[in-house]
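Please open the structure in your viewer and keep the sequence beside it. The stops below say what to select next and what is to be found there.

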Amino acid sequence: MADAAIVVEEARKTYGGKSAKSTKNPESTKHPKNPENPKSARNGGPALDGLDLTVARGTVHGVLGPNGAGKTTLVRILATLLRPDAGRIEVAGHDVVREAYAVRLRIGLLGQHAALDEELGGRQNLELFGRLHHLGARRARARADELLARFGLAGTGRKAVRQYSGGMRRRLDLAASLITEPEVLFLDEPTTGLDPRGRAEVWDSVRSLVDGGTTVLLTTQYLEEADQLADRISLVDAGRVVADGTADELKAAVGGDRVDVVLRDAGQLGAAVALLPVPQDTVTVDTDRRLLSAPVTDRMAALAGIVRALEEAGIRAEDIALRRPTLDEVFLRLTGHDERVKETA
Amino acid sequence: MTGTTYALTDSWTMTRRELARWGRQPVAVVVNLVFPVMLLLMFGYLVGGGRGIGGDYLDYLVPGMLALTMAFGLEGTMVAVTQDLNKGVVDRFRSMPMANGAVLVGRSAADMLQSAIGLVVLLAVAAALGWRTDGGPGGFLGAVGLLLLFRFAMLWIGIHLALVAGKPELVQAVQILVWPVGFLSNAFAAPESMPGWLGTVVQWNPMSQTATAVRDLFGGPGGEPGHVWAAVAWPLALLAVFFPLAVRRFARLSR
């Protein structure tokens, strides 16, 4: 594709026993959302297992997935930090293995961990990276000034980065990845560990970048973040893309809202499932919690229908609630491994 | 600009980064320089060693302390490299269009500079205590050269260990282990005064080779003529092993 900024075809990567140590921390362990993903790289399986991805120039592409899905491995390969075992991977028209230098000229990277010299100040950091981009002393200095002002860090003076707040550090990190106005920017879980205010700051920065024409690949564990920022979203699980599309398309595929019904008597669960105005194979049942859960399309009509049907059948409900699907449910619907459904059904 | 020019300017930029870090942590820098001086004073006047040494103990001790200071540099190198790796800043360097080796060259240059300053400080204090070299300017410069060569070998061992371990816990282990390894040398006492097996271990310690050659070049007690070659050969042998290993490890960060 001529207008693609990122092309990934059949990418594969397995961490070897010994070398896995040196490429430490393939996925952050701070938010164990999927602690027992049997296929995850931490359990010895492949980190990328034939992953395909195409990102059009000038768009924001969200890569959404649980820990261990392969998101960070993907970003590290795209940013030339890690060699893939197999696959064709191009960034800004250049092969990440054979033309790593050409790729590095055109990318910016915001990794999960702040990639800054913590002892130095903000200006010193930006000047350092500017010089290493071969801007020359004067342009590196001017660029540092410009970026500090743009990211609201002009007043930080000589303060060491070590003393920055989480949000400030992230903004400086982002500024450092934008020294040369890269064609393609990689953001690996840019808001993990930030408070809501820090998150909003990063989101604003990303939006203004995209207005300038940069292509952004963003990994996240948060449906909301992908929804807010990304034009298209790829859902990744166990090193593969399991679904992709716009946020609306994915939500429609997941079935939009869900209704949860808690019954007073667990013995009536079977009868209640038959009464729900939705296809029966989409209903999940949790006997311990006396809970039925099902995706619904027209939320208000479904709610009214369920209330009426239960009443007519004399089944007493303790609680009925409409809610958005959780990330787990999105994956459950789309990844195809339905262990949890079978367990509870 | 050509690739070579980039390699040079990037290495210089990385060296300047280390110098800028000194400016941010002046206390740490001073402590680093004062520590060997403290050891010199402690062993020279407090512990009062010098078993089996025919001659002035200060003349024997100063070359030993110089060599020990170079050996302990390994630990400083390892700490710095480990910190960088764990902060993710090395990831940024590696994703940039810079000469990749500059990361290691900058580290080497800054560490060598720091060690050279350390030598000057230690020699100045020794001179103030009354130590003098009898080896003339040629011998003096030769001795400094041997010490820096030894430090250079320690530097690459430090880089390699940091790249292999990559974890702060192992740095601590090395920080403790450099002590017995540094003390199992002839820095403070003559090997002849020790039990036979211990004396042999001590004599084979590469640090002892450097200390003996420096004593010879300074014209003090404990020097052995012709030992200079051993003090050249040992560090070169260590470099021949650890330099390629470290460079390979660094390149393999992408595995």
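Predicted model: local features only at pLDDT ≥ 70, side-chain atom pairs only at ≥ 80, totals over all residues.

Strands, as the word is used on this tour, are DSSP runs of E at least two residues long, numbered from the N terminus, and two of them pair if DSSP finds at least two bridges between them.

Begin by colouring chain A by its domain assignment, which gives domain 1 as 4–244 and domain 2 as 257–323. The centres of domain 1 and domain 2 of chain A, taken over C-alpha atoms, are separated by 42 Å.

β12(A) and β13(A) form a hairpin in which four residues lie between the strands, and R290(A), in the turn, has a positive phi of about 50 degrees.

Keep β13(A), residues 291–295, on display and select β11(A), residues 258–263; these two strands pair antiparallel over five bridges. To follow one of the pairings, centre on V259(A), whose bridge partner in β13(A) is A294(A).

Finally, turn to the contact between the chains, which takes 33 residues from chain A and 23 residues from chain B. On the side of chain B that touches chain A, the elements giving two or more residues are α1 (3–24) and α4 (89–94) of chain B, and α1(B) supplies the largest share, seven residues. If you colour that side of chain B by class, you will find ten charged, six polar and seven nonpolar residues.

Conventions. Residues numbered from 1 in each chain as written. Chains lettered and ligands numbered in written order. Contact = placed C-beta atoms within 7 Å. Nonpolar A, V, L, I, M, F, W, Y, C, P; charged D, E, K, R; others polar. Domains from an automatic or database assignment.
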